[in-house]
Amino acid sequence: MSSEHVPARPPANGPDPEWAESASEWDDTAAERKPAAPHSGRRVHLPAHKMRWGLLAVAVGALVAAIVTLSISGFRSSHGLEARDPGGGGPAGRNNSVFGTAKSGDCLSWTNAKTLDLSKVNCADKHLFEVTAGIDLSNYPGREFGPGTRFPDSLRFAELRDEHCVTAARAYLGGRLDPRGRFVVGMINPGEPAWNKGDRTVRCGLQLVSATGNATQQTVGRVRDSDQSRIFDPGTCIGINQNLPTNEPVECADPHAYEVMSTVDLGQQFSGGTPANADQDKYMQDQCSRVADSYLGGPKALINKTLTIFWDNIDARSWLVGSHKLNCLVGKGTRDGFSSITGSAKGNILIDGQAPVPPPSTGRSTPAPLPGAAPPVR
């Protein structure tokens, strides 16, 4: 590809180890147990300590690390970004391209990920990148970026992104950047042709990125005015690749890892400081169990489809910047990640290509828990 763009990971050096400690799941196989309280006797809560947003940060850690090493930009290229004027035919310099005039607060989009044919759009419309700052590397101490110097490789641009763009994002948002939120810090560089002509400016920004580094998810509105909670709309299905979620919406008729049933605003239940995970779990268990019956088509639908319901937790860093929302999710965990599901959980589904087999009505069958889940309480 002929464009260089550096999103690909959360605004920290590598996956956040604390992400591995905040998630929950339960199955719907406790119908035969004696009830304790509404809903809690009907479903067993299982803390899945190794899952973060459907194993995204933990199980996908190796995948993200490989992406960072091989194609840190999200758009692999040895030439970098060729910022092209949509009305022109060749590589544009800083002075006559959208890239060259983009400033903090501008929202950008493109139609071709290979060349990043950038265009400025209204931030109220769908876009792919929100500029937080323009940084002139010629002001960098030393001679590394002086006249005649070589175009940096993708690893160096990734270092520069972490050095400068994370700080720029925090300043742009008034310190309210959610390090576990749905937006990540990215960078667009001028491209090797423009670099060789003396352009040393990079654009820092915020965007949505999939687990595989694809910057193809559009967003609407400025990040500073948006809820940064890592959520999707109800009815969204999230793709699967090698048993792991891609963090990218797909058609539910296509193979996917899990489906979003609802969005829960914990801010309506908790005020003040960050609620403890146990309190979040208790509330989410009640909320997700309530929606599961209606969403899936009846009180026995979850167990008959051999599916598992789960959710995430919100930590103090996210809570303090205003991220208070979580999704109720439904899928089927395996010891290696997730089973591949085709079809919406609302109707008929296939799990790994096979129709689910309901457990015998006279016995119990416990779906395999997600990796790292504690055993059911007996």
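## Helix α3

After α3 comes G174, which has a positive phi, near 65°. Helices (H or I, at least four residues) and strands (E, at least two) are DSSP runs numbered from the N terminus. This is a predicted model, in which local features need pLDDT of at least 70 and side-chain atom pairs count only at pLDDT 80 or more, while totals for chains, interfaces and linings use all residues. Residues are numbered from 1 along each chain as its sequence is written, and side-chain values use heavy atoms, with hydrogens and water left out.

Helix α3 spans residues 154-172 and bends by about 35° at R161; the bend is the angle between axes fitted to the seven residues ending at a residue and the seven starting there. Buried residues of α3 include F157, L160, R161, C165 and Y172, where buried means under 20% relative accessible area, exposed over 50% and partly exposed in between (1.4 Å probe, protein chains only). Their cover includes β5 (129-136), β6 (184-188), α4 (192-196) and β7 (201-207).

T149 sits in the loop between β5 and α3. Its side chain reaches the backbone oxygen of G146 at 2.7 Å. Beyond the neighbours within four places in sequence, T149 is in contact (heavy atoms within 4.5 Å) with R143, E144, W195 and R200.

## Disulfides

The structure holds four disulfides (cysteine sulfur atoms within 2.5 Å). Counting bonded cysteines along the chain, their pattern is 1-2, 3-4, 5-6, 7-8.

C165 belongs to helix α3 and C204 to strand β7, 39 residues apart. The link is left-handed, with -65° about the S-S bond, and both cysteines are buried.

Another disulfide joins C107 to C123, S to S 2.0 Å. C107 lies in strand β3 (residues 107-109) and C123 in the loop between β4 (119-121) and β5, so the pair ties together parts 16 residues apart in sequence. The torsion about the S-S bond of C107 and C123 is about 105°, so this disulfide is right-handed.

C288 and C328 are joined at 1.9 Å, S to S. The link of C288 and C328 is left-handed, with -85° about the S-S bond.

## Chain totals

The chain has seven helices and 16 strands. Of its 378 residues, 55% count as buried. Among contacts with a separation of 6 or more, 72% are between residues 24 or more positions apart.

Definitions and conventions
A polar contact is a pair of N or O atoms within 3.5 Å; within protein, one must be able to donate a hydrogen and the other to accept it, and residues adjacent in sequence count only if both atoms are side-chain atoms.
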